[in-house]
Amino acid sequence: MTDTPETDRWARKDFWGVVLDAPEVAPLLNFYSKLRGWPIYKADEEDGALDLGEGVAYLAVQRNPDYVRPVWPTPPGGQQMQSHLDFEVEDLDTEVERAIALGAELTAYQPQDDVRVLLDPVGHPFCLYIS
């Protein structure tokens, strides 16, 4: 289903998204809002979502008091990373510096020259890349 003048995106019923667990909602929601320039659509102490500005996708954060920070890269025999976010950028070095200034951590292990693996403030891996 595509947006038409008769059917704006808020009337659609095919939304989908990615939900990240965190010990607190606001810090992680604010991090991704600033990193990507996406406004916060809704937020409370239990969950929140970012408005990506078009289409029907969203990025959300839900509070999980039992959240355990992931380890990346995974040590031998350890729990494998289940997922990560990828964001294309125009200037890799500049965006990595900006992400770090917002609270991200650059990982020691970098498997590709045109990709940088970082950890968000609660440890979720994400990648910045150029094409």
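Before we go on, a word on the model: it is predicted, local features need pLDDT of at least 70, side-chain atom pairs count only at pLDDT 80 or more, and totals for chains, interfaces and linings use all residues. Residues are numbered from 1 along each chain as its sequence is written, and side-chain values use heavy atoms, with hydrogens and water left out.

Let us stay with the rings. Phe-87 and Trp-38 form an edge-to-face aromatic pair, with 6.1 Å from centre to centre and 65 degrees between the planes. For such pairs, rings of Phe, Tyr and Trp (its six-membered ring) must have centres within 6.5 Å; planes under 30 degrees apart are stacked, over 60 edge-to-face, and the rest tilted. Trp-38 sits in the loop between helix H1 (25–36) and strand S2 (40–43), while Phe-87 belongs to strand S5 (residues 85–88), so this pair ties together parts that are 49 residues apart in sequence. Trp-38 is buried too, with a relative accessible area of 17%.

The structure holds seven aromatic pairs. One of them joins Phe-31 and Tyr-32, edge-to-face at 4.9 Å centre to centre and 80 degrees between the planes. Phe-31 is buried at 3% relative accessible area, and Tyr-32 is buried at 1%. Phe-31, Tyr-32, Trp-38, Phe-87 and Phe-126 make up one aromatic cluster.

The protein has two helices and eight strands, where helices (H or I, at least four residues) and strands (E, at least two) are DSSP runs numbered from the N terminus. Their order from the N terminus is β-α-β-β-β-β-α-β-β-β. The C-alpha trace spans about 50 × 35 × 30 Å along its principal axes, and 34% of the 131 residues are buried.

What about the charges? Side chains of opposite charge can pair when their charged atoms come close. Counting a salt bridge as a side-chain nitrogen of Lys or Arg within 4 Å of a carboxyl oxygen of Asp or Glu, there are six salt bridges. Among them, Asp-14 pairs with Arg-12, their closest N and O atoms being 2.7 Å apart. Asp-14 is partly exposed at 31% relative accessible area, whereas Arg-12 is buried at 9%. Another salt bridge brings together Lys-42 and Asp-47 at 2.9 Å, N to O.

Arg-69 and Glu-105 also form a salt bridge, with 3.4 Å between the closest N and O atoms. This pair links distant parts of the chain, 36 residues apart: Arg-69 is in the loop between strand S4 (57–63) and S5, and Glu-105 is in strand S6 (residues 105–106). Arg-69 is partly exposed, with a relative accessible area of 38%, and Glu-105 is partly exposed at 42%.

To finish, follow the chain back towards its start. Asp-8 lies in the segment before strand S1 (16–22) and is partly exposed at 43% relative accessibility. The C-alpha atoms of Asp-8 and Glu-54 are separated by 9.9 Å, although the two residues are 46 residues apart along the chain.

Key: Buried means under 20% relative accessible area, exposed over 50%, partly exposed in between (1.4 Å probe, protein chains only).
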